[in-house]
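Welcome, and please take a moment to look over the chain shown here. A short briefing follows it.

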Amino acid sequence: MRLPRPLPRLPRWLKRLLLLAVVLLGVGVVLRLIPKRPLSSDVPLSTAVYDRDRRLLRLTLAEDEQYRLWVPLQEISPTLIEAVLLHEDRHFYHHFAVNPVALGRALWMTYVSRERRVGGSTISMQVARMKYHLHSRSAAGKLRQIVRALWLELRYSKAEILEAYLNLVPVGKNIQGVAAASFVYFGKPVAKVQLGEALTLAVIPQSPARRAPSGDDTQALQKARAGLFQKWVARHPAAQRDAELMRLKLGLRSPHELPFRAPHFVDGVLESGHARGQVVTTLDLHLQNILERQIKSYIERQKRFGIHNASAMLVDSRDMSVRAVVGSASFYDQKILGQVNGTQAKRSPGSTLKPFIYALAIDQGVLHPQTMLKDSQIAFGSYSPENFDGRFAGPLSAQEALIRSRNLPALSVAAKLTNPSFYDFLRSAGVSRLKSESHYGLALVLGGAEVTMEELAMLYAVLPGGGYLRPLRFQQSEPLSAGVRVLSDEASFVTLEMLKENLRPEDNLVTRSLLGVGKVAWKTGTSYGFHDAWTAGVLGPYVLLVWLGNFNGESNPAFVGITAAAPLFFSIVDALRERLHDVNDAPKPPHKNLRRVPVCAVSGQMPTRFCKQTKLTWFVPGRSPIDTCDVHRPVEIDTRTGLRACPGQAGTLRSEVYEFWPSDLLRLFRIAGLPRRIPPPYVPGCNLAQVGSHGVAPKITSPLRGVTYTLRPGIDAHDTIGLLATTDGDVHEVFWFANDKLLGKGRANLPLLWRPQAGQYLIRVVDEQGRADSRQVFVRVSR
């Protein structure tokens, strides 16, 4: 049997080299098992802020004034990676930190033949130089670079080293890394660069000072790229079809052309402290452009009225993502303090908070949409509030009072709220920096507590959000909060339905049917003194808010919500409808505990057989008020006299139905030219005890409860107190008493002037049917 030939003996130096390789390999395996810091650590990085579709909004400078982004290797174009390896280190995956052939050639050409200075550094060596800030032009420096490169190869994988190179390499000017360079030079993510762009980025690092684009001088860069293109074609012959494109003049951008979009929004994201590296926000750049264009156009048209500034915000209530923010009409306009972010400024909201008063009232069983409220003069202690127009509308439904923004009904409703009160609701809803409840008093209902647009957006998002308060989301990485319930699902839905009946100024059924548009739930607000004009609303799942005013607090009579803010609001709404396809999606009604029931069309109460007309309203069983109609009442008329028959009277009688309105509302009806049919007086001689047991007793409205009246010394005809009471609809006269002394009689709802002396009085009013009311009054004489 023939034995195999023995293997040739290896030279001693080769054995030692192989042994060294095995040892290094083993050391490398062990070292890579030891936890290590990523190569990106301690590297100052820029922050790239994107919109929700990864369109760049802003690229910031790093702490060392460099544009530098760190992106994973898998997010870099494979074409660019191949071009870099082809140009810089084609044997990158086959050597261990050092390419002896390339290094020897560089030493020979640089120091022996002195033809030209040639670099023999591998990508690993270049990463070592950049990462550890080495000076490698001397022999000692080159040796340190080699040692560091070996250390990197032992500790990190080839992919990690290549990723570090692509993110640290100088690419001209103050730009480092291909990701930042791609945004600066081409305005696109590095994952989307084409062949010509990839070759351009690959050749700049070898001589960034000479090849970096500078104005129109790109000759050196063009020449270098052409050389790399020939190498590329040698490897990819099909690329020859792009030869003509490679000869075209390079069109590269400069850093000052980087995008600076949605400045107030981006500033807020950067200042939040949670923005690092690449930040994908919730903003939609297309919607942002819509808001900016509409505001710019509107301000230009309204300048003649002194309107120079506006803010707006769009929020998707489904995930609370902020889709668009315009903090001011012009970021760079110092005249309007344009760099102030109006969406974060505390401003008086005017009447924009009223919907939540009515929502709370629905939850607490105070009213339903058709509950009749009284818009008439009313006193709260010494304070007698008025409506914006200085008029009183009389009786009107809660829905109408809300959409017409009547102050008196809102104050009356708010006064009935308990657990929570309106103040407690605002506090639980996250309105910041609230003062004590006593500080605001009734002004809280009329916009006395300042809110930011962001806080108001969160509140309005409660309505389409089923009653849950959730924080706004500015970044995609922020989790969606489950929220805190502040309103019931039913109250939220019904309030939205009430606001949808608020027609836009030029709205009508014809235009709505022609345009095919749905209703918008919206509310205006005007702050006291005409400092702020608001419109806030809900269209489909979106919440839109608009504000007009001056950041310096200067007032303007033009700052009225309905005439100044609403037109801008609806111009944005119309533009959004062209872009969005879900703005008309209405929330599904919560059928579980909500009904449509008929109520009396006049009183808004549960109808009786005397109510001739009814209308449907939303009703929450077990919660909404169930009072039966007390406006329509049957009256027995004596056919002989035409007067009202006494209770239990016999004879020829007929029954007629009258509307019984309080005297203050009857007065408003008369002023409006709508007199009501009043029941005739009783037949003389009726028993007052029997008559007085029916109907509503009078209520004193003046003098005011809890007020001490001060008279001037001496005799003065003006030192009088008006005695006034609200009576039932069948009262014609009332009698006034002070400490059981008759002061006089007067017509219902007309004041009787009383000139008192100093002292304490029990004022009592009695109507002609014996029903009465009383209160204590204190009078003193000033000194």
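Predicted model: local features only at pLDDT ≥ 70, side-chain atom pairs only at ≥ 80, totals over all residues.

Residues are numbered from 1 along each chain as its sequence is written, and side-chain values use heavy atoms, with hydrogens and water left out.

**The chain as a whole**

- The chain has 24 helices and 26 strands; helices (H or I, at least four residues) and strands (E, at least two) are DSSP runs, numbered from the N terminus.
- Of its 783 residues, 51% count as buried, where buried means under 20% relative accessible area, exposed over 50%, and partly exposed in between (1.4 Å probe, protein chains only).
- Taking contacts (heavy atoms within 4.5 Å) between residues at least 6 apart in sequence, 65% join residues at least 24 apart.

**Nonpolar cores**

- A nonpolar core is a set of buried Ala, Val, Leu, Ile, Met, Phe, Trp, Tyr and Cys residues joined through side-chain atoms within 4.5 Å.
- The largest one holds 76 residues, and those with the most contacts inside it include Phe356, Phe422 and Leu459.
- Helix H19 (residues 453-462) gives the most to this core, with 8 residues.
- A second, separate core has 69 residues, among them Leu166, Ala181, Leu195 and Met246.
- Beyond its neighbours within four places in sequence, Phe422 is in contact with Leu353, Phe356, Ile357, Leu360, Leu417, Leu444 and Val445.

- Ser46 sits in the loop between helix H1 (12-33) and strand S1 (48-50), and counts as buried because its relative accessibility is 0%.
- The side chain of Ser46 reaches the backbone oxygen of Thr60 at 2.8 Å, and one of its polar atoms lies 3.3 Å from the backbone oxygen of Gln66.
- These are polar contacts, meaning pairs of N or O atoms within 3.5 Å; within protein, one must be able to donate a hydrogen and the other to accept it, and residues adjacent in sequence count only if both atoms are side-chain atoms.
- Ser46 and Gly277 are 231 residues apart in sequence, yet their C-alpha atoms are 6.2 Å apart in space.
- Asn167 belongs to helix H6 (residues 158-168) and is buried because its relative accessibility is 0%.
- A polar atom of the Asn167 side chain lies 2.8 Å from the backbone oxygen of Glu163.
- Not counting residues up to four places away in sequence, Asn167 touches Arg68, Leu69, Trp70, Val71, Gln176 and Gly177.

- Strand S17 (residues 632-638) has 5 of its 7 residues buried, so S17 is largely enclosed by the rest of the structure.
- S17 runs antiparallel to strand S18 (residues 653-659), with 7 bridges joining them, and Ile637 stands opposite Arg654 in S18.
- Two strands pair if DSSP finds at least two bridges between them.
- In helix H23 (residues 663-671), the buried residues are Ser663, Asp664, Leu665, Leu666, Leu668 and Phe669.
- They pack against strands S8 (372-375), S9 (394-397) and S21 (721-726).
- Just after H23, Gly673 takes a positive phi of about 75 degrees.
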